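Please walk through this protein with me, from the overall fold down to single side chains.

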Amino acid sequence: MAFQPAVVEASRDPRVYLSEKEEQDAYVPENYHIPDGTVPNLETYMYYAKIQRDREALSAKNDAEGGHWGSLISRVFNRSQESDERSVASAHSDEKNVAPSSEDGSGALVTAGEYRAASGALRTATWGTVFYLITTDILGPFSTPWAFQQVGYGPGVACFFVFGIMAAYSGFLLWWMFLKLDSERYPIKSFGDLGQRIYGNWFRHVCHILQSLQLVFNVGLIILTNGQGLSQMSKFKLCFSVCNVVWALAGMILGQIRTLQKFGSIAHLSIWLNVAILIMTMAFVANSLPNYNASLLPVGPVITQAINLQPFQDQLNGIMQIVFSYGGAMIFVEFMAEMRRPMDFWKAMAYSQIFIFVVYMLFGAFVYTYQGQYVVNPANQGISAYGLQTATNAISLASGLIAATLYGNIGIKVIYNNILVEIFDAPPLTVTRGKYYFAICVPVYWSIAYIIGSAIPQVSSLSALVAALCIFQFSYTFPPFMVLGYCMQLDAIKGDREFDINNPDAHRVDTWRDLSRWKRLCTYYLSFANWKNVLFNVWNFVVVLACLSCAILSSYSAILAIVKAFQSSTSSSFSCHSPLDNSG
């Protein structure tokens, strides 16, 4: 199972080149207040977003007029850092050609510095860069063979297709809302920021809590899978709890690296390490017997099924591994925030979803074909030949530690800046005292991750629980829920007076705390004045209910599987016995 965060592409992701101060700004919660101390309303966000999109369209037009035709591949996918710098220079040049702006209500000119500095970091990423990042960020194909083993070929392919379509739909919703609400004056930096624009701070806190849970559970999963790999390499002679402690201690040491900039080159390497594991696993399983010992099943012929008729909760646990494959929506907003032209994000998202669907599904079906019921999660640990198994484990241990360190870095900063700084007035990470606090937070964070991985040494069940509780919400539940609230506010605005940016709250005839606004909205929907809007909102409402139902059922199934494993004595917390050792 591979875990690659958003920042792994060192040579292309602009965040890797940020200074410590700029990187800190990317994690600090945005100040949502306007000069008079009030929070901007939706119309204000939309007003400045429209100006921002017009600027980007003008920049794109100027680039097209001054550009030269060349290789599509080199211009899109291999765009160099120097090219991105030229794009920024072009943007500064474009700003000089923009007419005086009325953004501040006074008609003052917006300077080039103000134009780029507001978001805290230069927006230089192209859609080709983002395509690369999405395909490397998604949580890896190494659990997909186990998903096929749980449901069979037919449901496996069907679920990959359906979840891929719905993940693409959610991605388009996030893209559409981002374009409508993001601007240089009020930049959107994270998923929680986008949710705050629609539902307020309570929803931003919900997003940050789930994001923090997902990241710490992912680190715990990596400690667990690396511990399994190390136990296999030692031929189960090393205590399994000690194997997990080794990686927790290694994370505590590497986690002291505060800035992603210092981790860029080695993070880039982890991508290609995982590609190597993918290719090696396919080659090895096709030329060796399954790992009967690790599968905990008796020796017998390999059996594959079109449909695996087993209890529904077991099938749900398998399906949640597919959800892992489409688990990148949590940071789609961060990708768009780094793009010079966020309007192009749909291209990166569409192509990446197609790539994930084809590559991940084929890998899962391929390994399942050769190993059948003996598939192990992660797939490379199901190789029976010790030498080949050790080769993939050695590479996996290195890439897993890199990924876990990066996840831990992001997770600690999310918790530190959104809880310790915002609520408890802790010092920022850029000052000396803040750096000391960060150094203390690292071992605490990794200790929690170690407890999670060692207390529940069940990779498939634990990953299914994380997918159901956290990943499923970001990829499937939250986007239609957010667009439902956004569209309802747009429809309610139609009953207000004309918006004036110089007095942004004067046009409202009532608020959501008034029953009159709800009555007017319901009357508008019941009249079917715009039946397309009504059907779109009904569709998203039904999707939200369906997603919540699936998430609740999947969470229950994962918890049930964990309890069942403990009751059957196949799993034991903080044990010296490896989950992959069936030798007795």
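This is a predicted model: local features need pLDDT of at least 70, side-chain atom pairs count only at pLDDT 80 or more; totals for chains, interfaces and linings use all residues.

Residues are numbered from 1 along each chain as its sequence is written, and side-chain values use heavy atoms, with hydrogens and water left out.

Start with the fold. The protein chain has 21 helices and zero strands. Helices here are DSSP runs of H or I with at least four residues, strands are E runs of at least two, and both are numbered from the N terminus. Of the 584 residues, 57% count as buried. Buried means under 20% relative accessible area, exposed over 50%, and partly exposed in between, with a 1.4 Å probe and protein chains only. Contacts are heavy atoms within 4.5 Å. Of the contacts with a separation of 6 or more, 84% join residues 24 or more positions apart.

Now go inside. A nonpolar core is a set of buried Ala, Val, Leu, Ile, Met, Phe, Trp, Tyr and Cys residues joined through side-chain atoms within 4.5 Å. The largest one holds 111 residues, and F163, L174, M177, F332, F345 and M482 touch the most other members. Helix 19 gives the largest share of this core, 18 residues. Apart from it lies another core of twelve residues, including L273, F284, V367 and I395.

Turn to helix 10, residues 201-233. Of its 33 residues, 26 are buried, so helix 10 is largely enclosed by the rest of the structure. K235 follows helix 10 and has a positive phi, near 55 degrees. The charged end of K235 sits over the ring of Y386, 4.6 Å from its centre. The rule asks for NZ of Lys or CZ of Arg within 6 Å of the ring centre and within 35 degrees of the ring normal.

Last, the rings. Phe, Tyr and Trp rings (the six-membered ring for Trp) pair if their centres lie within 6.5 Å; planes under 30 degrees apart are stacked, over 60 edge-to-face, and the rest tilted. This rule gives 32 aromatic pairs. Y47 and F499 are tilted because their centres are 6.3 Å apart and their planes at 55 degrees. Y47 lies in helix 2 and F499 in the loop between helix 19 and helix 20, so the pair ties together parts 452 residues apart in sequence. F191, Y199, W202, F203, F474, F478 and F481 form one aromatic cluster.

Conventions:
The expected span of a helix is 1.5 Å times one less than its number of residues.
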